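Welcome, and please load the model in your viewer. We will go from stop to stop, selecting a few residues each time and looking at what is there.

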Amino acid sequence: MRRLSSKSRKSRATHITAALVVLVLAAAGCGKTSDEASQDDADNGSAGSSYKGKGIGLAYDIGGQGDQSFNDAAYAGYKKAREEFKIGGVDMEPGDGESSADKIQRLEQLAKQGYDPVIGVGFVYAPAVEAAAKKFPETTFGIIDDNTVKADNVADLVFHEEQGSYLAGVAAAKATKAKHVGFVGGVDIPLIHKFEAGFVQGVKSIDPKIKIEKRYLTEKPEEGGFSSPDKGQNAASGQIESGADVIYHAAGLSGQGVIQEAGSQKKWAIGVDSDQYKQKALAKYKDYILGSAFKDVGGAVYDLTESVVEGKPMRGEQRYDLKSGRVGFSDSNPKYQAMKDVVAAVEKAEKDIADGKVEVKIVP
């Protein structure tokens, strides 16, 4: 079993240290973080005089920035919005073993300091968004991957991730030579069940006889299912040993371990959320990243920020799907592009879903 390198541990420690600095500054009510644009830029930039906020407040999910997947996708939208609208911003890391009270405090600090919108990255922020939104009704809050928070100042940013997963299943079924594929889910919860459901349906649409390995890393998020590359690596190793030659993960930071193990054993891996073929931390294994079932989390962050900057804040459920181009299957790997039969099958499946000929399941 391989472990994270000292460089990776150092990087994670740096993120945690930076987050502690942000919290100290927030508690003191003074100073700026290194990630915050000058207020002069916010006042004089393209946001215009109608925008009175300090910038974007982004609170990461388990795994934090650097997961090469879900959180990094959110960061991409945060960065793009800051650059285009010339506004400030601060992004904050989660703490190990933190409580809902910690998340509430984080979001309330961001709102109190004038950040608008304030966005919780991940369903785990639902209680915190609900509480903070009540306390700061003039601030727009967003939450990704949850539609349970109902308030006039909250936008629920959710996706049809099962549709992208269906395409991943089609690609896996066409690419496998062993007629044996695998799925690794980070945590055994309804959200990740959608990824499994779409993937299995996509595989079976090509060949019902293909064997599918399934493994969830933990039962609860706090047990490390989304933040433990070693768990992902062990799961992938077991599935490969059982005969799988294509493995799809929906496991956040843990998915790095899945990709590393698959790449090391020269088997195909399929990434998730971001286009993981393009992630620098995974460059060593990119030749074995068949593609990624992406969802445009960054686009959702950007959309919400744009709406606030323009004075017309989004609210209520905003659901992104394949037809809108906000979920799909990335094709950056030239080796994937060269597999014409695989590409054709995925493109046909994409069209069938967009045209309503295929309805993708959300329950396995």
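Start by selecting Tyr75 and Tyr78: both belong to helix H3 (residues 70-85), 3 residues apart, or about one turn of the helix. Helices (H or I, at least four residues) and strands (E, at least two) are DSSP runs, numbered from the N terminus. Before going on, note that this is a predicted model, where local features need pLDDT of at least 70, side-chain atom pairs count only at pLDDT 80 or more, and totals for chains, interfaces and linings use all residues. Residues are numbered from 1 along each chain as its sequence is written, and side-chain values use heavy atoms, with hydrogens and water left out.

**Stop 1: aromatic rings**

Stay with the two tyrosines. The structure holds 8 aromatic pairs. One of them joins Tyr75 and Tyr78, a tilted pair at 5.7 Å centre to centre with 40 degrees between the planes. Rings of Phe, Tyr and Trp (its six-membered ring) pair if their centres lie within 6.5 Å; planes under 30 degrees apart count as stacked, over 60 as edge-to-face and the rest as tilted.

Is Tyr78 buried or exposed? Tyr78 is buried, with a relative accessible area of 1%, while Tyr75 is partly exposed at 22%. Here buried means under 20% relative accessible area, exposed over 50%, and partly exposed in between (1.4 Å probe, protein chains only).

Next, select Phe183, Phe199, Tyr216 and Tyr248, which ring pairs link into a cluster.

**Stop 2: charges over rings**

Now show Lys80 with Tyr302: Lys80 lies over the face of the Tyr302 ring, 4.6 Å from the ring centre. Then move to Lys335, whose charged end sits over the ring of Tyr288, 5.5 Å from its centre. The test is that NZ of Lys or CZ of Arg is within 6 Å of the ring centre and within 35 degrees of the ring normal.

**Stop 3: two strand residues**

Select Gly316, in strand S11 (residues 316-320). Gly316 is partly exposed, at 28% relative accessibility. Which residues does Gly316 touch, not counting residues up to four places away in sequence? They are Val154, Ala155 and Asp156, where contact means heavy atoms within 4.5 Å. Draw a C-alpha to C-alpha distance from Gly316 to Ala155: 4.7 Å in space, for residues 161 apart in sequence.

Ser330 comes next, in strand S12 (residues 327-330). With 7% relative accessibility, Ser330 is buried. Leaving aside neighbours within four places in sequence, Ser330 is in contact with Asp275, Gly291, Ser292 and Phe294. With Asp275 there is also a polar contact, side chain to side chain, at 3.4 Å. A polar contact is a pair of N or O atoms within 3.5 Å; within protein, one must be able to donate a hydrogen and the other to accept it, and residues adjacent in sequence count only if both atoms are side-chain atoms.

**Stop 4: backbone exceptions**

Most residues other than glycine have a negative phi, and most peptide bonds are trans. Select Asp116 and Pro117: the peptide bond between them is cis, with omega near 10 degrees. Pro117 lies in the loop between helix H4 (100-112) and strand S3 (118-121).

Go on to Asp145, in the loop between strand S4 (141-144) and strand S5 (154-159). Asp145 has a positive phi of about 75 degrees and is buried, at 11% relative accessible area.

Finish at Lys179, in the loop between helix H6 (161-175) and strand S6 (180-187). Its phi is positive too, near 55 degrees, and Lys179 is partly exposed at 43%.
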